[in-house]
Amino acid sequence: MKYFPEAPAEERAAFHAAAKDFLAHAAPKLVRKFSPLARVKWHLAASGRGDELVDVLRYERENPGVFTVKGLRRARIELPGVESASLPPTVRKFTRRELPVTSKLTELAWRDGRLVARGYAYIPNIPSATGRRSLRIAVLKRQGSRSTIPLRLRTVREPRATAEAKGALHSYDWSGFEIAVDPARLRTRGAWRAGTWRLGIGIPRPGGMSIGSITRNNAGSGGHSQVRVLDDGVRLVAGFERNRLKLTVDVVPAEVESQEADGDDLVVTLRSRGSAAEGRTPTALRFDHEGTGYEAEYPLEPRGHGGDGWIRYRARLPFAELPAEGVVPGKARKYRAFIVFADGKARRATMGANQCTGVHRIPGGLECAVLTDGAGNFTLQARAVQPVVDRAEWSEDGELLLSGTYPGPADAVKFVLRHTGRNEDKPFPAEFHDGRFTARVKPDVMPAYGGTVPLRAGRWLPFLRAADEWDHRRDVPVTIRPDLVGTLPLSHQGAHRTYTVERTDYDRIFLEPGPILSPDLRGAYRQRLMRDVYTPEQRKLPLREAVLYNSFGGKQFSDSPRAVYEELMRRGTDVEHIAMVHDQQVVLPPGVRGVEWGSEEWYVALARSRYVVTNGGIREWFVRREGQVVVQTWHGTPLKRIGADLLGTPKANLAYIDSLPQRSRQYSLFVTPNAFTTPIMSHAFRLECEVLEAGYPRNDVFHAPDRVARAAAVREKLGIPAGKKVVLYAPTWRDDQRYGGRRFKLDNQIDIAAAQRELGDDHVLLYRKHHKVLDSIPGAGQGFVWDVTYYPDIADLYLIADVLITDYSSVLFDFAHCGRPMLFFTYDLEHYRDTLRGFYFDFTSRAPGPLIKTSEDLVDAIRNIDAVSEEYKEKYAHFRVDFCEPSDGLAAARVVDRMLEIGNG
């Protein structure tokens, strides 16, 4: 089904017959579970309506899961190319469950004594009404009862709803809501009664109304439960069940009032209602740990009546009895607390109006933290000594200050910021003094090679780490003091984005740089408008004498596009230089203007620059206009099979392969590096444009007259000690090692510790991940391993490398130009070659260096590199003849000559 549009005519008839047979024999229960779009596709397939099926499938590729809903009495699906009336009612009409409510709670706060919930709610594929017109309703329904309370729902504009929606067809800007709940309305006959209320939203749709809950966010006030004391011993808990918002009136029979350390014991004081019913007198405080099965009870000792109608009790827990085996930095253990009553029943211990959290030192260099959460639960945690923030603020110049308590040893620790999506670290400079810490960072100007860049978008969690740790496994989290969670979020507007300090897991603090794009450009819907509405208008305007560069999707300003830029600068060509950048993570040379990918300036530059130089794809919808010159330099000699040459393998993407001729027409010129690559690229990419076998401009660096001085400057910039040999490790990514989508894992198989022992005295290891690979590099920053992933251009690293270690990466063809030794760490050769990708030639017989399976053998080869070089000297020479011609330092000149010739033609 997926590749039906690419299927030859003779195969389509067989597919139609198979689809008809499938539906004829499929269980009705299974067919009913099909999505609306799937129903249409299978009906068209079974009915032999191939042309319409092709239209639907092509539409779905551009708009996955998105369609139009029409109808008055009954909702029906509308798709381009298919007459809705020609579909049976069971195919075209929706069931109630197929039009659910999508919602998100963005803020939950108390204002003027009322609980205010803000967020958005809509029915996917049914755009929200424009302006403030809305017939949506909100209601509280009591659990186990028919009682309901109607609430006023105020419609507000919420562009995040559209930006976060996956589809590009509909706008949900006016799906925002604000709902205020007066807790007094939850009384029953004027009195507080325990009960749970669920908040629902009703949204009109064709044929009726869809009812849905409000779902929690993943951070901030909209992602955490909250407690409000309504009366003495009465709490309102705004919490979540299966991520759905609910309000619970909790009339507490007993609760924790205070806690304190008394010598080697933790003393917990509770209070219980003096008018408690029979059997509801508290008798013990129980602690348990679900993971280990630990459970212990401590008797409650009555301490007498207070003048407020409550009875006090006290429990004593020796710290030594709190199991702490296995508690080390990075591994804490939480213990739930329960109040046990005389009737044998128990309830979670909760805190009263005054939070009684705290931290106490316990044996073993650990601490016992008394914690709470959004629901007010009383919890103990055995953990390593942990930093706790009690002051967070922004300065006027954009410096974030986090300060707090840390009574642990401070002479050999450091703070780091760790990205939750990329699993990468940044230093977070901190000072320690008298049991306190102060950490400062300016996220708008983070140090980078050759300049500064903003802190990358996403969530950055602060951690405390031992200075000699090689990775994150023993990191200690940084939290904010529980009574200060209400002070968040804290935001600062930087030069181009907003930086926000927020929380997750109740008190886990993080720093989040927001997106670069303005709200009116975020998300698939608004990007479609820029592509389909804005770009055509720009294409009517004259071309500008400008060169637009794209290197690895704006992640770098490097490779052959940069070499072309340098050649144009050398000539003094009178053009404007513009570089695509992604998330502002690129330091550009003076005079080069950066345009953020997807911004208005990006669309203008793509539509109006006379020259575009790219080493990868841009967008499938891009069409080269008359007079525009697009140079595709690509980014490597292929060892692994690519494009159409993957046909017949599980890795073949037939839709992508079918699009290759159209993509080829985007280019005026396709540059290849050698005679081996030219026919492969022509076939694999179905090239219909001019092919120029000029050599790669990026490899001119090996012939540059200033290469020695440039190498010395690179060593100095990196801070590599004089006299140490440089080993550069630049592996490729593994298709089967991924977190999901295009997020690939670091598959490090080098024993870094052993390598450092053997080589650390006279070598450094420069480790450069592929730009698709995430994760931190073990041992980086400890004196032997240097993470150079974000060094601007790998060509500079080639110049200083005494030895290259790689695997199946195309860097081997580039580095061969210099003639220095190469080692191939191919620990998964058979799997990679025979299962994942396949090669264009017999790599085992032609590799210009040894294929090494183990880390031990790799270290041995580095130590004996002279002998290895001599052994492979002849193979290396043949390899250079086969793959490194032309190699004269003039590739960029040849490319620029032809580019300008076409542009002036």
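**Note on the predicted model**

1. Asp232, Glu255, Glu257, Arg271, Asp308 and Arg312 are linked in a network of salt bridges, a salt bridge being a side-chain nitrogen of Lys or Arg within 4 Å of a carboxyl oxygen of Asp or Glu. The structure holds 69 salt bridges.

2. Some notes on the source come next. This is a predicted model, in which local features need pLDDT of at least 70 and side-chain atom pairs count only at pLDDT 80 or more, while totals for chains, interfaces and linings use all residues. Residues are numbered from 1 along each chain as its sequence is written, and side-chain values use heavy atoms, with hydrogens and water left out.

3. The protein chain has 21 helices and 53 strands, where helices (H or I, at least four residues) and strands (E, at least two) are DSSP runs, numbered from the N terminus. Its radius of gyration is 32 Å, close to the 29 Å that the globule rule gives for 905 residues, so the chain is as compact as a globular protein of that length; the radius is taken over C-alpha atoms, and the rule is 2.2 Å times the number of residues to the power 0.38. Along its principal axes, the C-alpha trace spans about 95 × 75 × 55 Å.

4. Of the 905 residues, 54% count as buried, which stands for under 20% relative accessible area, with exposed meaning over 50% and partly exposed in between (1.4 Å probe, protein chains only). The largest nonpolar core has 76 residues, of which Leu718, Leu766, Leu797, Ile800 and Phe843 touch the most other members; such a core is a set of buried Ala, Val, Leu, Ile, Met, Phe, Trp, Tyr and Cys residues joined through side-chain atoms within 4.5 Å. Helix α14 (residues 794-800) gives the largest share of this core, six residues. A second, separate core of 55 residues includes Val56, Ile77, Leu151 and Leu247.

5. Leaving aside neighbours within four places in sequence, Leu766 is in contact (heavy atoms within 4.5 Å) with several residues, among them Leu718, Trp786, Leu797 and Ile800.

6. Not counting residues up to four places away in sequence, Phe702 touches Arg707, Tyr798, Asp814, Phe815, His817 and Cys818.

7. Glu178 and Arg118 meet through their side chains in a salt bridge (2.6 Å, N to O). The pair links distant parts of the chain, since Glu178 is in strand β8 (residues 176-181) and Arg118 in strand β4 (residues 114-122), 60 residues apart. Glu178 is buried, at 19% relative accessible area, whereas Arg118 is partly exposed, at 22%.

8. Another salt bridge joins Arg571 and Glu567, whose closest N and O atoms are 2.7 Å apart. Both residues lie in helix α8 (residues 559-571), four residues apart, about one turn of the helix. Arg571 counts as partly exposed at 33% relative accessibility, while Glu567 counts as buried at 9%.

9. In the salt bridge between Glu620 and Arg663, the closest N and O atoms are 3.6 Å apart. Glu620 lies in the loop between β42 (609-614) and β43 (629-632) and Arg663 in helix α10 (residues 654-664), so this pair ties together parts that are 43 residues apart in sequence.
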